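Please give me a guided tour of this structure. I have it open in a viewer and want to know what to select next and what is there.

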There are 2 protein chains.
Amino acid sequence: MAKTNALFMSGVPELLVLRLLAREEMYGYQLVRAIKAASNETFDLAEGVVYPVLHSLEVRKLLKAREKMAEGRSRIYYTLTAKGSKRLAELSEQWQRVRDGVAQVLGGQYA
Amino acid sequence: MAKTNALFMSGVPELLVLRLLAREEMYGYQLVRAIKAASNETFDLAEGVVYPVLHSLEVRKLLKAREKMAEGRSRIYYTLTAKGSKRLAELSEQWQRVRDGVAQVLGGQYA
DNA sequence: CTCCATACCTATTTGTTATAGGTAAGACAG
DNA sequence: CTGTCTTACCTATAACAAATAGGTATGGAG
């Protein structure tokens, strides 16, 4: 269901997840909709993309998960660890590097 | 040898190759160095990355190849086809979409 | 004649997203 | 109390692209 055109996406889901969870604690399903909303519909990542990213980040100790009851439902909320914050900063920097590098090559038009 | 950190690179080699070949006819080895120079050292793609991209683009009729002698050497020069120009425009647009989408999510800091 | 830069090539590995399912619980209509 | 929709979670597999790590051959410099 992902409308995102695949190209240029490598690393993007991880970056978006880290950035949004740095703002506030969220659970997976909420995150899926938050990514769509925060990107103004640009990214519409399927759950099958977001959940594996969450699990991978948790295993790598960049996220911490905790189960919480809310509205009579059990949900799994995620927050950044200190390592996660560091990773977010690094990824943001890398993203900027690539973005600026591409801008230089594209030059005036298409910039 | 590629110093580029792998993440955020999907689609980028193809975009860069198309953009540079839109400016002027070039051969593979020249292109490798041109990418490095034009990106101000941001991208240092290995030949093993660039050649397969060239071959793929040629098969897909986005590039046209011709052998030319220069400086007592036979080289394979590539130029964009009409389809290639169209593809470049599309890719540039997609790139901008992703770039802007990420910028929106990252927000003020890290932007 | 040796070495290095040029110039080209490709098989394999690695890493990531995307797809396409599946499970279960609560809400709500009929 | 039954069916359906949304919420909420999950994962195996496929698809795809870059990166790696090789290999070949030629020309020029020393």
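The tour goes from ring pairs to charges over rings, then to backbone angles and the DNA.

**Before you start.** This is a predicted model: local features need pLDDT of at least 70, side-chain atom pairs count only at pLDDT 80 or more, and totals for chains, interfaces and linings use all residues. Residues are numbered from 1 along each chain as its sequence is written, chains are lettered from A and ligands numbered from 1 in the order written, and side-chain values use heavy atoms, without hydrogens or water.

**Stop 1: Tyr27(A) and Tyr77(A).** A search over all chains finds 5 aromatic pairs. Rings of Phe, Tyr and Trp (its six-membered ring) pair if their centres lie within 6.5 Å; planes under 30 degrees apart are stacked, over 60 edge-to-face, the rest tilted. Select Tyr27(A) and Tyr77(A): this pair is edge-to-face, 5.3 Å centre to centre, with 70 degrees between the planes. Tyr27(A) is in strand E1 (residues 26-27) and Tyr77(A) in strand E3 (residues 73-80), 50 residues apart. Helices (H or I, at least four residues) and strands (E, at least two) are DSSP runs, numbered from the N terminus. Tyr27(A) is buried at 14% relative accessibility; Tyr77(A) is buried at 9%. Buried means under 20% relative accessible area, exposed over 50%, partly exposed in between (1.4 Å probe, protein chains only).

**Stop 2: Trp95(A) and Phe8(B).** Select these two next. Their ring centres are 5.4 Å apart and their planes stand at 70 degrees, so the pair is edge-to-face. Which elements hold them? Trp95(A) lies in helix H4 (residues 82-106) of chain A, and Phe8(B) in the segment before helix H1 (12-23) of chain B, so the pair joins two chains. Trp95(A) is buried at 2%, and Phe8(B) at 1%.

**Stop 3: lysines over rings.** Go back to Tyr77(A) and show Lys68(A). The charged end of Lys68(A) sits over the ring of Tyr77(A), 4.4 Å from its centre. In chain B, Lys68(B) lies over the face of Tyr77(B), at 4.4 Å from the ring centre. The criterion: NZ of Lys or CZ of Arg within 6 Å of the ring centre and within 35 degrees of the ring normal.

**Stop 4: positive phi.** Most residues other than glycine have a negative phi. Phe8(A) has a positive phi of about 75 degrees. Phe8(A) is in the segment before helix H1 (12-23) of chain A and is buried at 1%. Lys61(A) also has a positive phi, about 65 degrees. Find Lys61(A) in the loop between helix H3 (47-59) and strand E2 (63-70) of chain A; Lys61(A) is exposed at 57%.

**Stop 5: DNA strand C.** Show the 27 residues around DNA strand C; Tyr27(B), Tyr29(B), Glu47(B), Arg75(B) and Ile76(B) come nearest. A residue is near if one of its heavy atoms lies within 4 Å. Now pick out phosphate oxygens of DNA strand C. A backbone N or O atom of Gly28(B) lies 3.3 Å from one. A polar side-chain atom of Arg33(B) lies 3.3 Å from a phosphate oxygen, and one of Tyr51(B) 3.2 Å from a phosphate oxygen. Which element gives the most to the surface near DNA strand C? That is H3(B), with 5 residues.

Notes:
Polar contact = N/O pair within 3.5 Å; in protein donor to acceptor, adjacent residues only side chain to side chain.
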